[in-house]
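Work through the following exercises with the sequence and the coordinates side by side. Each task is followed by a solution that goes step by step.

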Amino acid sequence: MPEKEVLLMRKISIVDDGTLDTVVECDGERFRYDSGYRFGFDNDAAFLDAIREEVEEELYMRSERHREAQESWFEGGTL
């Protein structure tokens, strides 16, 4: 990520989607984790703290790919 970009702490939470996986939601995006990994932490807060950077990075990468795809489309390129 660019060094000068300021990242605000996004709300990150565990949601129940009816599966046995652990599903985390952040900015309307969902991320799936094995529940065994989640329960390897002392508590949910520790789990969320551990994955926060990974989730933030993935959201950033998704936004960059989306921006690049839009620019390519507007320039007459193909996706």
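Contact here means heavy atoms within 4.5 Å. With that cut-off, among the contacts in the protein chain between residues at least 6 apart in sequence, 37% join residues at least 24 apart. The model is a predicted one, in which local features need pLDDT of at least 70 and side-chain atom pairs count only at pLDDT 80 or more, while totals for chains, interfaces and linings use all residues. Residues are numbered from 1 along each chain as its sequence is written, and side-chain values use heavy atoms, with hydrogens and water left out.

**Exercise 1. Determine the order of the elements in the protein chain, and state what share of its residues is buried.**

Step 1: Assign helices (H or I, at least four residues) and strands (E, at least two) as DSSP runs, numbered from the N terminus. This gives two helices and three strands, and from the N terminus on they run β-β-β-α-α.

Step 2: Apply the burial classes, in which buried means under 20% relative accessible area, exposed over 50% and partly exposed in between (1.4 Å probe, protein chains only). Of the 79 residues, 23% count as buried.

Step 3: Compute the accessible area by the Shrake-Rupley method with a 1.4 Å probe, where for residues only the protein chains shown count as cover. The protein chain exposes about 6,000 Å², and carbon and sulfur atoms supply 51% of that area.

**Exercise 2. Work out how strand β2 pairs with β1 and with β3.**

Step 1: Take two strands as paired if DSSP finds at least two bridges between them. Strand β1 (residues 12–15) and β2 run antiparallel and are joined by four bridges; within this pairing, Ser13 stands opposite Glu25 of β2.

Step 2: Turn to the other partner, where β2 and β3 pair in the antiparallel sense over five bridges. Glu25 has Arg30 as its bridge partner in β3, and Cys26 has Glu29.

Step 3: Inspect the connections. The β1–β2 hairpin has six residues between its strands, and Gly18 in the turn has a positive phi of about 85°, whereas the hairpin of β2 and β3 has two residues between its strands, with Asp27 in the turn at a positive phi of about 55°.

**Exercise 3. Trace the aromatic pairs formed by Phe47 with Tyr33 and Tyr37.**

Step 1: Pair rings of Phe, Tyr and Trp (its six-membered ring) if their centres lie within 6.5 Å, counting planes under 30 degrees apart as stacked, over 60 as edge-to-face and the rest as tilted. The count comes to five aromatic pairs.

Step 2: Tyr33 and Phe47 are edge-to-face, at 5.6 Å centre to centre and 90° between the planes. Tyr33 lies in strand β3 (residues 29–33) and Phe47 in helix α2 (residues 44–74), so this pair ties together parts that are 14 residues apart in sequence.

Step 3: Tyr37 and Phe47 are also edge-to-face, at 5.9 Å and 80°. Phe47 is buried, with a relative accessible area of 0%, whereas Tyr37 is partly exposed at 39%.
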